[in-house]
Structures are given as C-alpha cells and as structure tokens.
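Thanks for coming. I will take one residue and then step back to the fold around it.

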Amino acid sequence: MAQAEISNHLVTEIRESFGKGAARKIRAVGKIPAVIYGHGTEPQHVTLPGHEVSLILRKSNQILELDIQGKVQLALVKDVQKDPVRQIIEHIDLIVVRKGEKVIIDVPVHLDGEAAPGTTVNQDSNTISLEALATAIPESVSVSIEGAEDGTQIFAKDLVLPEGASLITDEDTLIVSISIAQEQDLGEDAEEAPAEGEDAPAAE
C-alpha cells in the first residue's frame, strides 16, 4: 500500500508569549515555536503543529505553506534547533519566500551504482550549493559511479543538475574520486613478530 503524501500545508498560530518558559509550555502540548522573517518584514512569531512538522523535516530544504489566520505564506525552513540529547525540535527559523523567487540551498549528492571491483570510492563533497526556484527545490543530486575505474574523478561541473537549478559551488570542486585500494605495508618488523606463545626478545 502506497504511503500517503505528506502535506506541507500547516495551520499556524500567531504566538503572543515569548521566553524559555513560554516555549516550554508550547512544546509540552506537542507544538513548536518558530519565527518567520525576510523580505524586509517584521519577524513574526508563530506556533507550528509538532507531529506534522517532524514528518515534513525528514527531508531537507522544505518549503512550508503556512496558513496564518486564513492567509497563506510560503516559508523556507532555514534553521532547526534541537535538544542535543533528546533530539526534540525546540525552535525553527523560517524565511519568507514568494512564488517565482530563487533561493540558494545546500543539496545532498547521492552516488548511484558500484565502482569497478577492487577500487575504493572517496566522496569528497557530500553536498553542493545550488540556486533554484523556491517552489521547486530538488531533494538531492545523483551521480552514477557504475563501473568507474581507478583514476576516475567527478567534479561539480560534471553533475547533471535538475531543470531550473544552477550551480553555486565552485565548478572545480571534487565530488568523488575512484582509486585502487592500497594494501597496508606492515614492514619487516611485523613479519619478524614472534609467534603466539613465544617470548619477544629482551631489550638490550
């Protein structure tokens, strides 16, 4: 059975109380304090439904469709503050975005396939920076390493970007390299190590 699509439309409450005590009370009832800013607007303090937001934030660079007293506002998740021990979301920073606007975001790079046998895959960059439409942010960028031989190098300029996205990361940034796995040279000392049960020679 297919999993239902998670909606980014959230009924959002305006927050009138501030401070750590107020934030604790908000989280105690399963909600998350947040602030919306950008485009020269005054910061707006709101409260978001905790369970729905936790599901949405399983993916990065999410655009939320906030229903604030019947008026819809698009906002990009900019920063998520979590309790370092319990990993509970404590606060979220949101940036106002508008349809047709482009934003700069960091997007994960996923490697597809398997390199040639006997090689080692070294991923030097796990993310790249892109400029993309706020309403069409890609979840990731994929690059195939299927059958890649020793000496293969893939740079940012070699990546196939989603339609409408442009590269912000330096084009000569190394993304992944393929090399032959090197056997560790233990040297003569390791070869001459005493067998199990034998005593090592006494130091002079």
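Alanine 132 sits in strand S9, residues 127-133; strands here are DSSP E runs of at least two residues, helices are H or I runs of at least four, and both are numbered from the N terminus. This is a predicted model, where local features need pLDDT of at least 70, side-chain atom pairs count only at pLDDT 80 or more, and totals for chains, interfaces and linings use all residues. Residues are numbered from 1 along each chain as its sequence is written, and side-chain values use heavy atoms, with hydrogens and water left out.

Is alanine 132 buried or exposed? Buried, with a relative accessible area of 2%; buried means under 20%, exposed over 50%, and partly exposed in between, using a 1.4 Å probe and protein chains only.

Leaving aside residues up to four places away in sequence, alanine 132 touches Glu101, Lys102, Val103, Ile105, Pro138, Gly164 and Ala165, a contact being heavy atoms within 4.5 Å. Its C-alpha is 6.6 Å from that of isoleucine 104, 28 residues away along the chain.

Now the whole protein. It has three helices and 13 strands, and 33% of its 204 residues count as buried. Of the contacts between residues at least 6 apart in sequence, 61% join residues at least 24 apart.

Next, the barrel. Six strands close it in the order S1-S3-S2-S6-S5-S4, with mixed pairing; two strands pair if DSSP finds at least two bridges between them. Strands S2 (residues 31-38) and S3 (residues 41-49) run antiparallel and are joined by seven bridges. Within that pair, proline 33 has threonine 47 in S3 as its bridge partner.
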